[in-house]
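Reader: Can you walk me through this one? I'd like to start with the charged pairs and move on from there.

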Amino acid sequence: MREAIRFLRGDQIIELFDVAPTETLLDYLRLRERKVGTKEGCNEGDCGACTVALGRLVDGRLVYEPVNACIQLLGQVDGCEVVTIEDLAEGGALHPVQEALARHHGSQCGFCTPGIAMSLFTLYHQPAAAPDRKAVNEALAGNLCRCTGYRPIADAALEVCFAEPDDKFSRQADTIVEILSGLRDGDEIFIGDERSFFASPASIDSLADLYARHPDATLVAGATDVGLWITKQLRELPKIIWLGRVAFLDRVEPIEEGLIIGATASLSRVEPEIARLDPDLGAVWSRIGSKQVRASGTVGGNIANGSPIGDTPPMLIALGATLELRKGDTARTLPLEDYFIDYGRQDRGEAEFVTGLFVPAPGPNDVFRAYKLSKRFDQDISAVMAAFLFTVEDGRIIHARIAFGGMAATPRRARRAEAALGGAVLAEPGTWGRALKAIERDFAPISDMRASAEYRAKAARSLFAKALVEAAGMPSERTRVQGHREAAEILV
């Protein structure tokens, strides 16, 4: 048992014994270290002003990812290298990213600049590729700037972020890997007492035992949701159990039948594997939050919190995913769609927790489509999330699974539409009418700040028709808008 967290800062290993359960990394940096280059902006993971880089070992390789320090619990950086804006310069010389931003006039008031520089630092350390404006825009999707505009920032990134990295971090990579490997001790972490603590079990058995003794504790994986409970709702959360060090809970395992995803696997780590199952999965996945959110947020967390507007459940339900849960020594599985009971209610008992899920791959006769509608393209909560799986034989739909988010109190299947679609012929749109009509009776959506009930109802029907048009392979229909960030390019 270890009563401290340890992480790397520069060339020094920091060991902290006094870590409050809900202390954030941002507060530690600004209030304890007095490193105020990292800014507090929205304090909810949207603006990116607080972006820092975490260096982690992934399959033995050092990987730098951006995270929002405002909603990252301090305890979550155990075993990582923490890099902030103050760490980039070397011997009085600016880092290549900083120097390029200055040369291209990529800063005006400067408040957002540290976070932008840190996002570009992580892009700088990605495997070298040809300069790509889309990659730059995706790297900056979680950083807001309202003074300068993004053109000079993007120009700076295109100039320096697509060559082999040459900075003190790349030159010291072997040493950093050795240090981070040494910090992986497999110990349990428990800081506090039985009334208030930050704990991080190292095994699933330890997690089950600890949670059974403290069923009132809050389980945290990426904290992209729980972080807002702390910073915005000001909740008192005296007992935190962080799942990030539980062995094998972060597994991402492609198998012939599909994909096994551990509950703590981050959205960014799952992204390339889920995209291999179907391109639409990858397209929607890239719009979940930002780079910062996907580096921390987890698939298990997106499911476990039971949000009716979570982006992953409708897609996973349409594919027929199954969920695995555990309580004590007992594990069980259930269809993912059965996990969601009602708003704020899930089929998860006291001291029971999600351990992972299995996502079947679409079959050779399956057509999968997924769409997300939101006010902003990037980093926005969906107004309507839709996913469709059609099994087709000889041009006829013999089976369908249709799931929506944002249309009811939980992610839910459109059972009436599924039943009415059976036997429809893709080449004969006249056979779709009964199903298109039936979907209007599947949901009674509400109006809120994201969309009106009328909009949601019409959007659901339109997305259903769009999926059928695409499944039918009708090239004359304009159904996809690509190149959204640079210029609208309609593919026909």
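Author: Take Glu 337 and Arg 413 to begin with: both are buried in this predicted model.

Reader: What do Glu 337 and Arg 413 form, and how far apart are the closest N and O atoms?

Author: Glu 337 forms a salt bridge with Arg 413, with the closest N and O atoms 2.9 Å apart. Glu 337 sits in helix α15 (residues 336–339) and Arg 413 in strand β20 (residues 412–413), so the pair ties together parts that are 76 residues apart in sequence.

Reader: Which other residue forms a salt bridge with Glu 337?

Author: Arg 401, where the closest N and O atoms are 2.6 Å apart.

Reader: How many salt bridges does the rule find across the interface of domain 3 and domain 4?

Author: Four. The rule also finds 12 residue pairs in polar contact across that interface.

Reader: Which elements supply the side of domain 3 that touches domain 4?

Author: α11 (279–285), α14 (312–318) and β14 (340–342) each supply at least two residues. α14 gives the most, with five residues.

Reader: Where are the domain bounds?

Author: The domain assignment gives domain 1 as 96–166, domain 2 as 189–242, domain 3 as 252–360 and domain 4 as 368–478.

Reader: And how much area is buried between domain 3 and domain 4?

Author: About 2,300 Å², of which carbon and sulfur atoms give 60%. On the domain 3 side, Arg 287, Ile 309 and Ala 318 lose the most area to domain 4, together 31% of what that side buries. In terms of contacts, 24 residues of domain 3 meet 27 residues of domain 4. The C-alpha centres of the two domains lie 21 Å apart.

Reader: Back to salt bridges. What does the total count come to?

Author: The count comes to 37 by this rule. One of them joins the side chains of Glu 23 and Arg 32, at 2.8 Å from N to O.

Reader: Are Glu 23 and Arg 32 buried or partly exposed?

Author: Glu 23 is buried, because its relative accessible area is 15%. Arg 32 counts as partly exposed because its relative accessibility is 33%.

Reader: Which residues do salt bridges with shared partners join into one network?

Author: Arg 2, Arg 6, Asp 78, Asp 185 and Arg 245.

Reader: What does the side chain of Glu 65 make a polar contact with?

Author: The side chain of Ser 268, at 3.1 Å. Leaving out residues up to four places away in sequence, Glu 65 touches Val 52, Ala 53, Leu 54, Arg 56, Thr 122, Ser 268 and Ala 295.

Reader: Now helices. How far apart are the end C-alpha atoms of α18, and what should the helix span?

Author: They are 29 Å apart; at 1.5 Å a residue, the 20 residues of α18 (453–472) should span 28 Å, which agrees. Buried residues in α18 include Arg 456, Leu 463, Phe 464 and Glu 470. Just after α18, Gly 473 takes a positive phi of about 70°.

Reader: Which residues are buried in α8?

Author: In α8 (residues 204–213), Leu 207, Ala 208, Leu 210 and Tyr 211 are buried. Their cover includes β6 (189–192), β12 (322–327) and β16 (353–360).

Notes
Residues are numbered from 1 along each chain as its sequence is written. This is a predicted model: local features need pLDDT of at least 70, side-chain atom pairs count only at pLDDT 80 or more; totals for chains, interfaces and linings use all residues. Side-chain values use heavy atoms; hydrogens and water are left out. Helices (H or I, at least four residues) and strands (E, at least two) are DSSP runs, numbered from the N terminus. The expected span of a helix is 1.5 Å times one less than its number of residues. Buried means under 20% relative accessible area, exposed over 50%, partly exposed in between (1.4 Å probe, protein chains only). Domain bounds come from an automatic or database domain assignment. Contact means heavy atoms within 4.5 Å. Buried area is the accessible area (1.4 Å probe) that two parts lose on being put together, summed over both. A polar contact is a pair of N or O atoms within 3.5 Å; within protein, one must be able to donate a hydrogen and the other to accept it, and residues adjacent in sequence count only if both atoms are side-chain atoms.
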